[in-house]
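Please consult the sequence and the structure alongside the text.

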Amino acid sequence: MCVRQVLQVFEQYQKARTQFVQTVADLAARPQNTETLQNSGVMSLLRPLLLDAVPTIQQTAALALGRLANYNDDLAEAVVKGDILPQLVYSLAEQNRFYKKAAAFVLRAVAKHSPELAQAVVDCGALDALVISLEEFDPGVKEAAAWAIGYIARHNAQLSQAVVDAGVVPLLVLCIQEPEIALKRVAASALSDIAKHSPELAQTVVDTGAIAHLAQMILNPDAKLKRQVFSALSQIAKHSVDVAEMVVEAEIFPAALVCLKDPDEYVRKNVATLIREISKHTPELSQIIVNVGGVAAVIDYLGDSRGNVRLPGIMMLGYVATHSENLAMAVIVSKGVPQLAICLEEEQEDHIKAATAWAFGQIGRHTPEHAKAVAVANVFPKLLNLYLDTESSEDLQVKAKKALKSILQKCTYLPALEPLLYEAPSNILKHIICQFSKVLPHDSKARRLFVTSGGLKKVQEIKAEPGSAIQEYINAINSCYPEEIVRYYSPGYSETLLERIDNYQPV
């Protein structure tokens, strides 16, 4: 065989390999093909091509593996069992930038599915190779490495700690200072995934100076970057008072409030989440939010939003109101109660209704004035219906009941209480009767109204155990009226009168 023929054979072999990996990579891009490819044993055919002498074949083989592993955890597991990861990690330090991006994509695709698969990526030494990639000049390689690191870290604290121990955090902070928007996004996302698990991990991120660099990007025009920036700040701020104060000290307010009106739904939600995570810690932090106009801004945000996007805003109002009478009054003055009532009416999901019920409880539990603000919004019947509705989730029933009880125990606004006399079960009714027993002795107008509206008659119909708390409250109410009035409205009194007529003998 002459030299030309030998070269032709090699050329044909190379073309065949190139065509094969390119076709597999194209087929793997469509989910409907993945099962057929797996059943045909394509993994074992791609593996040797990762070490091919032709760089484009190596890269395309890695891309095909990444697309397959990305599809589901079975295919990702097949990559692990096929001993492909050590090969990729070895090549990650040796090959060109195109291969490095493809190899990092495979690592990310495997790690994303479960903590076990992410641990397999760590166990094969991937973190050291990814750290080296973060130090590359090419921003595309850095981005691919940061993405893989984020997918490893997101699962649990143990994996995040492994990422931190590899020295990743300072390099990610450098990445968010690079000019490329895509790199900034992925690096901020990875910092968020690391910080979310524990106060210690969040502190590690804080110690590298991340907060200041993240805070500088909150008004960046790129919506996807802002999503990740606000997510990272939220995940840092949620853990402790100290780090929440550091986030506030980075002077993100009032600028961040502008983003509550951002066209991007996820930006708005992440800003509301950040405000919630800050305000939950202390009265002082909540007061800062109130002072910069945060409560009014969040109430407007609730009016402009629907569904799950509302949830962090609802919870934020509850957290602010929890801390003190004055802060709860700030929510009331900003017209938070009517907006929460709208949320309770409009939302269908039980967990959103439960959060709203909880927020009402935090607002109304402080004083009679706070309770009246909730009462006049006609919230009591809605909370009672949610508590009694068998279709409501257990959490919703519990929160509606607790909110009702805590507000009722402070409420002295009788027009809102009276309708509940006819519908409330005994465990709620006793709180309502208790409030009447407190108010009626000191208010003659209310006593008269209670009779004419039928309230006194309803109270006489309540069957209470002798000596019970509710019977004591009924006795206290009855003592506010002449004995003959109480008798007149007692059950069976008309029959007694009729008997007296029957027995009456005219003179």
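Which exposed residues does the face of H14 turned away from its buried side carry? They are Glu 200 and Asp 207. Exposed denotes over 50% relative accessible area, buried under 20%, and partly exposed the range in between (1.4 Å probe, protein chains only).

## Basis of the model

The model is predicted; local features need pLDDT of at least 70 and side-chain atom pairs count only at pLDDT 80 or more, while totals for chains, interfaces and linings use all residues. Residues are numbered from 1 along each chain as its sequence is written, and side-chain values use heavy atoms, with hydrogens and water left out.

Helices (H or I, at least four residues) are DSSP runs, numbered from the N terminus.

## Helix H14

Helix H14 spans residues 199–207, and its buried residues are Leu 201, Ala 202, Val 205 and Val 206. Viewed down the axis of H14, these buried residues fall within an arc of 145°, so they line one face of the helix. The arc is taken from the directions from the helix axis to the C-beta atoms.

The buried residues of H14 pack against helices H11 (157–165), H12 (168–175), H13 (181–195), H15 (210–215), H16 (223–237) and H17 (241–249). Contact here means heavy atoms within 4.5 Å. Just after H14, Gly 209 adopts a positive phi of about 80°.

## Helices H21 and H24

The axes of helix H21 (residues 294–304) and helix H24 (residues 336–346) come within 10 Å and cross at roughly 25°. That makes H21 roughly parallel to H24, a term for angles under 35 degrees. Axes are lines fitted to C-alpha atoms, for helices over the stretch in contact, and angles run from 0 to 180 degrees between N-to-C directions.

By class, the contact of H21 with H24 has four nonpolar, three polar and no charged residues.

The buried residues of H24 are Gly 336, Val 337, Gln 339, Leu 340, Ala 341, Cys 343 and Leu 344. Their cover includes H21, as well as H22 (311–323), H23 (325–333), H25 (350–364), H26 (368–375) and H27 (380–388).

## His 431

His 431 lies in helix H30 (residues 426–439) and is buried, with a relative accessible area of 14%. Apart from its neighbours within four places in sequence, His 431 is in contact with Lys 405, Leu 408 and Gln 409.

Technical notes:
Helix = DSSP H or I, 4+ residues; strand = E, 2+ residues; numbered from the N terminus. Parallel < 35°, antiparallel > 145°, perpendicular 65-115°, else oblique. Nonpolar A, V, L, I, M, F, W, Y, C, P; charged D, E, K, R; others polar.
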